Amino acid sequence: MTSALTLPGAGHPGPSGPLEFPGSQPLPAELDHLLALRVPGLVATRRHIHSHPELSGAEFETAALVARELSLAGLHPRLLPKGNGVICDIDGRPDGPVVALRADIDALPLTDAKDVPYRSTVDGVCHACGHDVHTTILLGVGMLLAQLADAGELPGRVRLIFQPAEEILPCGSLEVIEAGGLEDVVQIFALHCDPSQPVGKVGLRVGPITAAADNVTVRLSGPGGHTARPHLTVDLVDALGRLVTEVPALVSRRVPASSGLLLVFGHASAGTRYNVIPSEASASGTLRVMDREAWDQAPKIVAQVVRDVLAPTGATVDLEYLRGRPPVSNDARAIGVLTAATAAALGPEAAAETPQSMGGEDFSWYLEHVPGALARLGVGRAGPNVDLHRPTFDVDERAIPAGVRLLVQTALRALA
């Protein structure tokens with residue numbers, strides 16, 4: 001069997017026309033036909049979300065849109081306590097298990113630099129990580145599985161989680177968990193856009209697939225003074241230079257090289273005048289590490305190295321170490337489900353081994369409670385790839401029906 005899906009051509013970025021999935025299996029109950037009818041509407045939904053992005057913690061209109069669409073499908077969504085996320089159960093056989101599927105819905109504080117009709121209409125806010133695609137795919141899955149449940153062919157319950165605040169700390173996944181999002185769940189799955197892979201490919205990996213990610217902020221203070229007489233004060237610019245150049249290298253030497261510990265400062269600030277030694281300075285960045293054991297040790301290591309490096313400068317040091325998220329570690333059985341679902345949805349050649357990334361993902365907090373897995377969904381377009389978190393990031397929208405087919409097959413196999 002070969003499945004083919006066609007997107008509307010007008011304004012479509014990248015390849016258009018039918019996309020073949022050689023060797024794929026049909027969805028049950030003629031859901032492929034229903035999906036084909038839904039694709040134009042799903043593409044339109046994705047473009048609407050893309051042009052109306054909302055920052056982490058403020059996803060109120062996006063959550064309202066999701067709730068409306070799910071209600072139109074005959075489902076009964078409920079908003080998270082803050083109103084910026086949605087949980088929705090699709091009830092099938094009452095004695096079956098509960099499987100969760102998660103999408104993140106927030107955007108990034110970036111200015112959209114694409115010349116497309118669905119360019120962001122909000123200054124300084126952009127869906128540059130594909131969360132608009134994740135949201136749209138899960139909406140499509142909900143529409144199809146609702147039909148299957150109505151027909152009495154859903155062998156359990158599927159919980160759809162539309163999660164806020166994936167891009168910030170504290171993580172939105174913790175809000176979902178606190179709101180009961182994992183109650184009775186036996187497995188949980190998620191997709192993340194991967195622009196390095198073409199549509200129809202899925203990256204899978206047993207064990208850690210992302211790194212842990214924490215935030216580090218160091219604030220320095222001193223009496224300030226004249227640049228002609230640094231010996232009479234504390235030279236905070238010199239201290240800041242030592243901080244951002246020496247600390248990252250020394251921290252990485254405190255753990256095995258295989259841990260992949262990486263401390264990178266993305267912001268540094270000191271002073272406003274060329275002839276004034278400032279009384280305040282600061283630097284902030286991220287610490288990323290592939291190994292869970294090294295992540296557990298990281299706060300103590302960073303604090304000790306910062307003290308050792310800055311002690312000779314005389315600066316007063318205030319270190320804020322904000323715990324972010326552990327590595328996403330995929331369960332082997334859950335990857336087995338995803339591997340079978342990938343072959344069924346997109347063909348036997350669709351699954352590919354993927355490396356561990358230094359990126360962080362708060363899906364990891366769900367996996368602290370229940371087994372599950374994160375897969376990388378190919379969304380790459382023709383021409384040079386644009387990486388995630390860049391203002392020109394975009395996707396081949398044929399990834400939307402591909403992702404819907406994959407998650408429907410995943411849910412059915414997990415329930416079985």
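Trainee: How many disulfides does the structure hold?

Mentor: A disulfide is a pair of cysteine sulfur atoms within 2.5 Å, and the structure holds zero of them. This is a predicted model, in which local features need pLDDT of at least 70 and side-chain atom pairs count only at pLDDT 80 or more, while totals for chains, interfaces and linings use all residues. Residues are numbered from 1 along each chain as its sequence is written, and side-chain values use heavy atoms, with hydrogens and water left out.

Trainee: Is cysteine 171 buried or exposed?

Mentor: Buried means under 20% relative accessible area, exposed means over 50%, and partly exposed lies in between, with a 1.4 Å probe and protein chains only. Cysteine 171 is buried, because its relative accessible area is 2%, and cysteine 193 counts as buried at 3%.

Trainee: In what order do the eight strands of the open sheet stand?

Mentor: Strands (E, at least two residues) and helices (H or I, at least four) are DSSP runs numbered from the N terminus, and two strands pair if DSSP finds at least two bridges between them. Here the order is S3-S4-S6-S5-S7-S18-S8-S17, with mixed pairing. Strand S3 (78-79) and S17 stand at the edges, each with a single partner strand, so one side of each has no neighbour in the sheet. Helix H9 (residues 399-415) packs on this sheet, touching strands that include S5 (98-104) and S6 (157-163), and its direction makes about 155° with that of S7; such angles run from 0 to 180 degrees between N-to-C directions, the axes being lines fitted to C-alpha atoms, for helices over the stretch in contact. Strand S7 (residues 185-198) pairs with strand S18 (residues 372-380) in the parallel sense over eight bridges, and phenylalanine 189 stands opposite alanine 373 in S18.

Trainee: How many residues of S5 are buried?

Mentor: Seven of the seven are buried, so S5 is largely enclosed by the rest of the structure. Val98, Ala100, Arg102 and Asp104 point one way from the strand, whereas Val99, Leu101 and Ala103 point the other way. S5 is joined to S6 by seven bridges, and the two run parallel; the bridge partner of alanine 100 in S6 is arginine 159.

Trainee: What does the side chain of arginine 159 make a polar contact with?

Mentor: A polar contact is a pair of N or O atoms within 3.5 Å; within protein, one must be able to donate a hydrogen and the other to accept it, and residues adjacent in sequence count only if both atoms are side-chain atoms. The partner here is the side chain of aspartate 89, at 2.7 Å. Arginine 159 counts as buried, at 5% relative accessibility.

Trainee: Which strands form the antiparallel open sheet?

Mentor: The four strands stand in the order S12-S14-S10-S15. Its edge strands, S12 (262-270) and S15 (316-325), each pair on one side only. S12 and strand S14 (residues 280-289) run antiparallel and are joined by eight bridges, with alanine 268 opposite alanine 283 in S14. Helix H5 (residues 236-252) packs on the sheet, touching strand S10 (212-221), S12 and S14, at about 175° to the direction of S12. Helix H6 (residues 292-310) lies across S10, S14 and S15 and runs at about 165° to S15.

Trainee: Which residues is proline 248 in contact with, leaving aside its neighbours within four places in sequence?

Mentor: Contact means heavy atoms within 4.5 Å. Proline 248, found in helix H5, is in contact with Leu243, Leu263 and Phe265 when those neighbours are left aside, and it counts as buried at 16% relative accessibility.

Trainee: Where is the place of glutamate 361?

Mentor: Glutamate 361 is in the loop between strand S17 (351-353) and helix H8 (364-367). Its relative accessibility of 3% means that glutamate 361 counts as buried, and its side chain reaches the backbone nitrogen of phenylalanine 363 at 2.8 Å.
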